[in-house]
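This briefing sets out selected side-chain and backbone features for review alongside the sequence and the coordinates. The points are grouped by topic.

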Amino acid sequence: MTLYETIFQRRQVRKFEKEPLEPDTLDRIMDFISQADQLEGYPVSFELLSDREMTGATAPHYLVSYCEPCSSAYAGAGYVLQMADLYIQSMKLGSGWFMNAKPKNNRTDFCIALALGNTKEPMRKDAKDFKRIPISKISLEDNNIAQAVRLAPSSLNSQPWKVVYGAGRIILEDVGRGMARPILKNKLNKIDLGIAARHAALALEEEGNIVTKRLPNESGKNFQIELSYQ
């Protein structure tokens with residue numbers, strides 16, 4: 001199963017088996033994430049920690065991200081970790097986003113962690129199994145990009161994005177939604193936008209395009225990610 005195909009079947013896994021994954025499997029995951037493309041100008045670092053090295057742990061392993069305390073870097077963490085999320089689930093393993101799981105190392109640049117491990121929870125059958133707002137709420141066009149973005153996971157399922165189209169570019173805008181907006185806007189919505197941008201990038205590549213630039217942009221209260229392609 002490709003990463004693009006996994007978009008339409010992934011599940012936020014909440015129950016994991018206690019047994020750790022094989023070292024070779026963990027090495028494959030770390031090798032994969034080390035080669036993942038990132039948003040330009042805001043590098044994010046990652047490490048793999050065990051449940052014993054985390055507080056609030058519910059899984060045997062965690063991919064932990066570290067970055068600068070700014071919107072663009074938060075989005076960068078989401079952009080890379082979502083690629084890892086899809087890769088892990090394409091391997092028939094479980095993964096999920098948990099904002100309460102934190103490393104015991106108390107690093108001040110900690111951003112967010114992705115839980116992973118074996119699970120008995122099945123993947124979704126198809127896009128109909130997702131609870132999401134209509135495409136018309138996020139895009140003026142119903143196309144592969146909008147469909148992939150619509151299925152991106154987000155904090156409290158807030159889906160805080162809008163897709164705007166231009167010549168050779170896609171822009172994802174942080175618009176926020178609903179009562180959850182004040183709680184999420186400073187950090188989690190930015191991570192969410194990075195997650196959605198990864199789905200958009202994979203959809204572009206599925207259509208045979210090459211993504212050439214991945215630019216986050218913050219101006220006052222406005223935040224967006226622009227993907228250029230050819």
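A residue is called exposed when its relative accessible area is over 50%, buried when that area is under 20%, and partly exposed in between. Lys-92 has a relative accessibility of 56%, so Lys-92 counts as exposed. The model is predicted, and the points below should be read accordingly.

**Backbone with positive phi**

- Lys-92 has a phi near 65 degrees, which is a positive value in a residue other than glycine.
- Lys-92 is placed in the loop between H3 and strand E4 (94–98).
- Gln-159 is also a residue other than glycine with a positive phi, near 50 degrees.
- Gln-159 belongs to the loop between H4 and strand E7 (161–166). Its relative accessible area is 3%, under the 20% limit, so Gln-159 is buried.

**Aromatic pairs**

- The count of aromatic pairs is three, taking ring centres within 6.5 Å as the criterion.
- In one of them, Tyr-4 and Phe-8 have ring centres 5.2 Å apart and planes at 70 degrees; because an angle over 60 degrees counts as edge-to-face, the pair is assigned to that class.
- Both partners are buried: Tyr-4 has a relative accessible area of 13%, and Phe-8 one of 17%.
- Phe-32 and Tyr-87 have ring centres 3.9 Å apart and planes at 5 degrees, so this pair is stacked.
- Phe-32 is part of helix H2 (residues 23–34) and Tyr-87 is part of helix H3 (residues 71–90), so the pair ties together parts that are 55 residues apart in sequence.
- Tyr-87 has a relative accessibility of 15% and therefore counts as buried.

**Charges over rings**

- Lys-187 places its charged end over the ring of Tyr-74, at 5.4 Å from the ring centre.
- Arg-198 lies over the face of Tyr-79, 3.7 Å from the centre of that ring.

- In soluble globular proteins, nonpolar side chains tend to be buried together.
- The largest nonpolar core has 59 residues, and the members that touch the most others are Leu-63, Val-149 and Leu-172. H3 gives the most to this core, with twelve residues.
- Beyond its neighbours within four places in sequence, Leu-63 is in contact with residues including Ile-29, Met-30, Ile-33, Leu-81, Ala-84, Ile-88 and Ile-112. Glu-47 is also among the contacts of Leu-63.
- A second core, separate and made up of 13 residues, has Phe-16, Ala-59, Tyr-62 and Ala-101 among its members.

**Cysteines**

- The structure holds zero disulfides.
- Cys-70 is in no disulfide, and the nearest cysteine sulfur, that of Cys-67, is 6.8 Å away. With a relative accessible area of 21%, Cys-70 is partly exposed.
- Cys-111 is in no disulfide either; the nearest cysteine sulfur is that of Cys-67, at 3.9 Å. This distance does not qualify because a disulfide requires sulfur atoms within 2.5 Å.
- Cys-111 counts as buried, at 3% relative accessibility.

**Surroundings of Thr-119**

- Thr-119 is located in the loop between strand E6 (110–117) and helix H4 (144–150).
- The Thr-119 side chain reaches the backbone oxygen of Lys-15 at 2.7 Å, and the backbone nitrogen of Glu-121 at 3.1 Å.
- Apart from residues up to four places away in sequence, Thr-119 touches Val-13, Lys-15, Glu-17, Leu-93 and Gly-94.

Notes: Residues numbered from 1 in each chain as written. Predicted model: local features only at pLDDT ≥ 70, side-chain atom pairs only at ≥ 80, totals over all residues. Heavy atoms only, no water. Phe/Tyr/Trp six-rings, centres within 6.5 Å; stacked < 30°, edge-to-face > 60°. Buried < 20%, exposed > 50% of the residue type's maximum accessible area, 1.4 Å probe, protein only. Helix = DSSP H or I, 4+ residues; strand = E, 2+ residues; numbered from the N terminus. Lys NZ or Arg CZ within 6 Å of the ring centre and 35° of its normal. Core = buried A, V, L, I, M, F, W, Y, C linked by side-chain atoms within 4.5 Å. Contact = heavy atoms within 4.5 Å. Polar contact = N/O pair within 3.5 Å; in protein donor to acceptor, adjacent residues only side chain to side chain.
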